[in-house]
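Please read the following briefing alongside the sequence and the model. It moves through a few topics in turn, beginning with a strand and its partners.

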Amino acid sequence: HYAGTKDHNYATIMKLFYHTLPVGLRPHVLGLTASPLINAKVSDTAERLQVKLGELERTLDSKLHGFPEELADCRKDTKESIVYFDSLLDSFSTKLPEPDMTFLHKSRRKELRQLQALCDDVGLQVTSTYIIALLREIGRNEYDHETIEQFNDLKVYLSQVVVHLNRQVDEGDCGDFSGHTEKMSTLVGLLVDLLKHDDPVGVVFVERRITAIALSHYFNQNKPLDHLGVDIRSDSLVRNASKIFKYLSNSSSHDQQVVDQDFLHQTKRIRSVINKLRTRETNVLIATSVVEEGVDVEACSFIISFDRMKTIKSYIQMKGRARQKQASFYTLVDKCESQILDLPDAQKTEKRIHDFVASSQTAINLSQPTRYPANA
């Protein structure tokens, strides 16, 4: 589906290396996707959908075909639900102590803003657990010439943040205080409901890498649901985890050999994580969009979208990770925020695309696919 975007690398490859070949030498390829349009919008008219799908067919020198009716019984019946929370009920401060950047390296400014965003999103306990893990793994940013003194000052600041967060939790500023935001409490409650029966396997999709890693650390180290008889065995999967904080685990991406090693490590990491899900060594994977496409989780029976959905493609791909016959898809929605893409609109647009592909199998007749000149 990326080839439907004219300036994408896939479209460029087709233009330069496929369409310049003689017709008889062009390879025949079967392409499978649940979301044929990466750029579909709720506002697209039928005519606009036809134009976009037609452009995709011409770029790929292909013909779109929908799901055969004779295999209709093989379709998954995914139950889709909205789970609401109210962020206005967050009655405690998630403001972290302000760092003195005169003593810290300038490269740390963006990283520390991520910690504030994390605390605003999930609350005090999760952030504290993550920072404690971070202090064990972070290394000095030698590439950008961070001095030993600056690095030590960073660790002192992070330690002070942990003390600040733990003090707030211990003092229980809000009565029955969990240290979670309403959003985080809603996620915990949903996981309790899903995991208390049998031993299902699911994926929680988050937008930020730091959120995925922090949630996994929290569930594995704090075991917050043990007293309810619910065992969360989590893992995280993100792109370039070491780039959240510079020189996490002392890694660098500036050397090509290291880049190649990182790619191989990421590939092995994906295989290892997915295998643990299949064998139920873990039962909850917390991931960013790295798992949305091309990663098959056969055992997955539920999907949770922790953050707001933004695109039709992302919605379809996330939902498609639930491979079990009777699977569930949940999206967390803040009552106080307007939605970029709400679930009913996403469902309607997905159906429109699928219906249009099904009807166009005979209605659209591309008599001659586009041919690019050899010197294009």
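In this predicted model, strand E6, which spans residues 328-334, is mostly covered, since seven of its seven residues count as buried.

**Strand E6 and its partners**

- Ser328, Tyr330, Leu332 and Asp334 point one way from E6, whereas Phe329, Thr331 and Val333 point the other way, and the residues of both sets are buried.
- Strand E1, made of residues 79-85, pairs with E6 in the parallel sense over seven bridges, and within this pairing Lys79 stands opposite Ser328 of E6.
- Strand E5, residues 300-305, also runs parallel to E6 and is joined to it by four bridges, with Ile304 standing opposite Tyr330.

**Helix H3**

- Helix H3 covers residues 108-122 and, with 15 residues, reaches 21 Å from its first C-alpha to its last, which is close to the 21 Å expected at 1.5 Å a residue.
- The buried residues in H3 are Arg108, Glu111, Leu112, Leu115, Gln116, Leu118, Cys119, Asp121 and Val122.
- An α-helix has 3.6 residues a turn, so residues three or four places apart point the same way.
- The cover over the buried residues of H3 includes H4, H5, helix H6 (182-195) and helix H7 (209-222).
- Directly after H3 comes Gly123, which has a positive phi near 110°.

**A nonpolar patch on the surface**

- Tyr10, Ile13, Leu16 and Phe17 form a nonpolar surface patch, and together they have about 430 Å² of accessible area.
- Among these residues, Ile13 lies in helix H1, residues 9-18, and Ile13 is partly exposed because its relative accessible area is 45%, a value between the cut-offs of 20% and 50%.

**Positive phi outside glycine**

- His145, although not a glycine, has a positive phi of about 65°, and this residue lies in the loop between helix H4 (124-137) and helix H5 (148-171).
- With a relative accessible area of 64%, His145 is exposed, given that exposed means over 50%.
- Arg280 is likewise a residue other than glycine with a positive phi, here near 65°, and its place is in the loop that lies between helix H8 (256-278) and strand E4 (284-287).
- The relative accessibility of Arg280 is 34%, so this residue counts as partly exposed.

Conventions. Residues numbered from 1 in each chain as written. Predicted model: local features only at pLDDT ≥ 70, side-chain atom pairs only at ≥ 80, totals over all residues. Heavy atoms only, no water. Helix = DSSP H or I, 4+ residues; strand = E, 2+ residues; numbered from the N terminus. Buried < 20%, exposed > 50% of the residue type's maximum accessible area, 1.4 Å probe, protein only. Pairing = 2+ DSSP bridges. Patch = residues over 30% accessible without salt bridge, like charges linked within 9 Å, V, L, I, M, F, W, Y side chains within 5 Å. Areas by Shrake-Rupley, 256 points an atom, 1.4 Å probe, with all protein chains shown as cover. Salt bridge = Lys/Arg side-chain N within 4 Å of Asp/Glu carboxyl O. Expected span 1.5 Å × (residues − 1). Contact = heavy atoms within 4.5 Å.
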